[in-house]
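This report goes through selected features of a single model.

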Amino acid sequence: GETVTVQELAEKLKKTAAEVIKKLMNLGVLATINQEIDFDTAALIAGEYGVEAELKVAVDKEALIMTEPEDDPAQLVPRPPVVTIMGHVDHGKTSLLDAIRQTNVTAGEAGGITQHIGAYQVEHNGKKITFVDTPGHAAFTAMRARGAQITDIAILVVAADDGVMPQTVEAINHAKAANVPIIVAINKMDKPEANPDKVKQELTQHELVVEDWGGDVIAVPVSAKTGMGLDNLLEMILLVAEVHELKANPNRPARGTVVEAELDKGRGPVATVLVQNGTLHVGDTIVVGHAFGRVRAMIDDKGRRVKKAGPSMPVEILGLSDVPEAGDILVVVEDEKLAREVAEKRQLRKREEILKATAKISLDDLFKHI
Ligand code: GDP
Ligand code: MG
């Protein structure tokens, strides 16, 4: 389990180490200033100083599980890029994702094509690419609100027969705010009225200058309908990924982000998680937002049961106590008690926030009517 030194605990409680040592003695624990004591003992001591101190230790426990240990650079290996498709409604986001998935699934995986878990991986020239296909903006916004960054590259789909539209601009702003590189896919090139030059011209008004106009933005003409340009698009994704040297350490406990989650009638809470660092294993104890549990089973994007999931791999996980939210962060915790405790504290906090919000609304309503 996790420990804290007497000195650290004293600092957290704003007491002297001598006072803490005395309290410990009352509990029958003989300790020196640099001695490590476990969290349960620490919580007991904190409790002696009142609820506030107890809460503080709870928050510290949360910080403890959320703090990401730094990776030894020697342990880092390349990982697949995680790509999100954005763009105006009807410009072909879904069609493009479907076309990429269908043309790049190897024969043996064909049976799993219909499986939908909110994210999938394809292979191009022996290299993997992860696509996130949750309904773009909403999920992206929810994740950003939680500080979760899962996307390495944004594909901006612009229909060649329609050009830059309001949600195109919104998507550009999202990607820029998140500091995510953009690749433009000029879609519907099969249409006679396709006008890629008009698209490129309109993009310059939003500080996206394509390469053949002297800028550094890659634009790829494609057709989700005919499949034209899709290989080129995947090629460009891998190129941008290479430039950004995306890496992770598969040899550590997993950390990931929820892409989507739901309550399944038969299976209980199901969450699609994108593993971002480390490797997630069946049997791992996890905390995911206000939910916790032990990974009972994992299913990949082809509908196959898997025992482990490494960096950039999307998987469905079963075994959670509750349904988490998109954008919630998954961490592996060795201590099951600690996992439960942090999740329960978060549930409590959530309930309090809802109560507060409700109270505020009814008060506001009251004043409105006076
Ligand atoms: P989304 O709203 O961005 O997900 O767009 P959809 O993928 O649902 O596509 C909107 C419409 O455009 C559908 O009727 C598609 O069949 C059509 N569409 C998508 N891509 C292409 C394309 O490359 N060529 C043509 N001709 N139609 C397309
Ligand atoms: Mg769609």
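Which backbone oxygen does the side chain of arginine 346 reach? The side chain of arginine 346 reaches the backbone oxygen of glycine 289, at 2.7 Å. A polar contact here is a pair of N or O atoms within 3.5 Å; within protein, one must be able to donate a hydrogen and the other to accept it, and residues adjacent in sequence count only if both atoms are side-chain atoms.

The model is predicted: local features need pLDDT of at least 70, side-chain atom pairs count only at pLDDT 80 or more, and totals for chains, interfaces and linings use all residues. Residues are numbered from 1 along each chain as its sequence is written, chains are lettered from A and ligands numbered from 1 in the order in which they are written, and side-chain values use heavy atoms, with hydrogens and water left out.

**Two buried side chains**

Arginine 346 belongs to helix α10 (residues 336-369). Helices (H or I, at least four residues) and strands (E, at least two) are DSSP runs, numbered from the N terminus. With a relative accessibility of 13%, arginine 346 counts as buried; buried means under 20% relative accessible area, exposed over 50%, and partly exposed in between (1.4 Å probe, protein chains only). Neighbours within four places in sequence aside, arginine 346 contacts Glu62, Met66, Val287, Gly289 and His290, where contact means heavy atoms within 4.5 Å.

Asparagine 187 lies in strand β8 (residues 182-187) and is buried, at 2% relative accessible area. Its side chain reaches the backbone nitrogen of alanine 224 at 3.0 Å. Not counting residues up to four places away in sequence, the residues that asparagine 187 touches include His91, Gly92, Leu96, Val222, Ser223 and Ala224.

**Ligand 1**

| Residue | Atom of residue | Atom of ligand 1 | Distance |
|---|---|---|---|
| Aspartate 190 | polar side-chain atom | nitrogen | 2.7 Å |
| Lysine 225 | backbone N or O | oxygen | 3.3 Å |

**Helix pairs**

Helix α5 (residues 93-103) packs against helix α9 (residues 230-243) at about 90 degrees, with the axes 11 Å apart. Axes are lines fitted to C-alpha atoms, for helices over the stretch in contact, and angles run from 0 to 180 degrees between N-to-C directions. The two helices are therefore roughly perpendicular, the term for angles of 65 to 115 degrees. Leu96, Ala99, Ile100 and Thr103 of α5 meet Leu230, Leu233 and Leu234 of α9. These contact residues comprise 6 nonpolar, 1 polar and no charged. Ala, Val, Leu, Ile, Met, Phe, Trp, Tyr, Cys and Pro count as nonpolar, Asp, Glu, Lys and Arg as charged, and the others, Gly among them, as polar.

The axes of α1 (residues 6-13) and α2 (residues 17-26) come within 8 Å and cross at roughly 110 degrees. This pair is therefore also roughly perpendicular. Val6, Gln7, Leu9 and Ala10 of α1 meet Ala17, Val20, Ile21 and Leu24 of α2.

**Loop residues**

Asparagine 179, in the loop between α7 (166-177) and β8, has a positive phi of about 60 degrees although it is not a glycine. Asparagine 179 is exposed, at 69% relative accessible area. Glutamate 207, in the loop between α8 (196-204) and β9 (218-221), has a positive phi of about 55 degrees and is exposed at 63%.

Definitions and conventions
Angles under 35 degrees count as roughly parallel, over 145 as roughly antiparallel, 65 to 115 as roughly perpendicular and the rest as oblique.
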